[in-house]
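Dear colleague,

I am passing on to you the structure we spoke of, with the sequence and the coordinates together below.

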Amino acid sequence: MAYSHSQLETYANCPYKYNLQYIDRLRTGRKSIEAFMGTMVHDALEKLYRDLRMSCLPELQELEEYYIGRWDDSIGDGIFVVRNEYGPQDYRQTGLRCIGDYYRRYHPFEAGVPVWLEKRVNIPIRDEEGKSISFAGILDRLDSLEEGRYEIHDYKTSGTLPSQWELERDRQLSLYQLAVEAAYPDAREVELVWHYLVFDRELRLRRERE
């Protein structure tokens with residue numbers, strides 16, 4: 001079994017749920033509207049950077065139309081809404097706003113060179129006895145800057161903004177940093193960057209090797 005950050009979070013919150021989901025491998029076939037919106041926004045931002053790799057900067061309207069098309073084609077009965085005061089159209093519009101805010105903030109997207117996009121990474125972890133533990137994850141985006149500097153970018157569509165204390169306790173991007181340092185020996189400086197898209201906020205953190 002290859003462990004992941006989400007598996008650790010599931011176990012910490014509810015070991016029984018972990019057992020059902022990862023040991024018994026029970027699947028409901030359903031997805032929350034929040035998770036669905038997050039997937040659609042991720043898809044649109046991945047398209048943006050893949051187009052940039054091909055020297056093509058899409059207009060915001062093109063990106064919005066892509067998002068709307070993906071949403072309309074993918075939504076179905078398997079998507080459920082928990083909060084009765086909001087409907088699917090409210091979440092659809094929130095995702096659209098997230099994409100617009102992000103596009104206007106970072107246009108024309110020249111800060112770094114995206115070397116990884118939605119890449120599955122293997123993370124080198126060993127236990128106290130030196131035995132290898134298989135850890136894996138999917139990194140949203142890795143940018144290469146000058147002089148061995150890298151930035152790990154993670155897109156969040158959560159409706160809550162973390163405190164600095166919560167950010168410093170985050171495990172996910174710290175694990176990804178280990179994967180980046182293993183893949184690129186020239187990485188002398190790695191910065192972790194969270195994009196909390198609902199709030200149009202960017203949060204940054206640097207981790208010491210220890």
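This is a predicted model: local features need pLDDT of at least 70, side-chain atom pairs count only at pLDDT 80 or more; totals for chains, interfaces and linings use all residues.

H3 covers residues 33-53 and H4 covers residues 60-74, and the two pack at an angle of about 140° with their axes 10 Å apart. An angle over 145 degrees would count as roughly antiparallel, and H3 and H4 are therefore oblique to each other. On the side of H3, the residues that meet H4 are Ile33, Phe36, Met37, Met40, Val41, Asp43, Ala44, Lys47, Leu48 and Asp51, while H4 brings Glu62, Leu63, Tyr66, Tyr67, Arg70, Trp71 and Ser74 to the contact. Sorted by class, the residues of this contact between H3 and H4 comprise 11 nonpolar, one polar and five charged.

The contact is built from Ser6, Gln7, Thr10, Tyr11 and Asn13 on H1, together with Pro15, Lys17, Tyr18, Gln21 and Tyr22 on H2. By class, the contact of H1 with H2 holds four nonpolar, five polar and one charged residues.

Within H1, which runs over residues 5-13 and contains Thr10, the buried residues are His5, Gln7 and Thr10. The elements that cover these buried residues of H1 include helix H2 (15-23), strand E4 and helix H7. Thr10 has a relative accessibility of 13% and so counts as buried, the cut-off for that being under 20%. When its neighbours within four places in sequence are set aside, Thr10 is in contact with Pro15, Lys17, Tyr18, Gln21 and Tyr22.

Let me turn to the sheet. It is an open sheet of five strands, in the order E3-E4-E5-E6-E7, and its pairing is mixed. E3 and strand E7 (201-206) stand at the edges with a single partner strand each, so that one side of each of them is left without a neighbour in the sheet. From one strand to the next, the twist averages 35°. Helix H5, residues 88-106, packs on the sheet and touches E4, E5, E6 and E7, with a direction that makes about 65° with that of E7.

Taking the strand pairs in turn, E3 (residues 113-126) and E4 (residues 132-144) run antiparallel and are joined by 12 bridges, and in this pair Pro124 stands opposite Ser134 of E4. The two strands E3 and E4 form a hairpin with five residues between them, and in its turn Gly130 has a positive phi of about 85°. E4 also pairs with E5 in the antiparallel sense, here over four bridges, with Leu142 opposite Ile152 of E5. The hairpin of E4 and E5 has four residues between the strands, and Glu147 there takes a positive phi near 60°.

The pairing of E5 with E6 runs in the parallel sense: eight bridges join E5 (residues 149-156) to E6 (residues 189-196). In this pair Glu151 stands opposite Glu191 of E6, and Lys156 stands opposite Tyr196 of E6. Six of the eight residues of E5 are buried, so this strand is largely enclosed by the rest of the structure.

Gln172 has its place in H7, which covers residues 172-183, and with a relative accessibility of 12% it counts as buried. Residues up to four places away in sequence not being counted, Gln172 touches His5, Asp154 and Lys156. Leu161 is 11 residues from Gln172 along the chain, and the C-alpha atoms of the two are separated by 16 Å.

With best wishes

Technical notes
Residues are numbered from 1 along each chain as its sequence is written. Side-chain values use heavy atoms; hydrogens and water are left out. Two strands pair if DSSP finds at least two bridges between them. Axes are lines fitted to C-alpha atoms, for helices over the stretch in contact, and angles run from 0 to 180 degrees between N-to-C directions. Angles under 35 degrees count as roughly parallel, over 145 as roughly antiparallel, 65 to 115 as roughly perpendicular and the rest as oblique. Contact means heavy atoms within 4.5 Å. Ala, Val, Leu, Ile, Met, Phe, Trp, Tyr, Cys and Pro count as nonpolar, Asp, Glu, Lys and Arg as charged, and the others, Gly among them, as polar. Buried means under 20% relative accessible area, exposed over 50%, partly exposed in between (1.4 Å probe, protein chains only).
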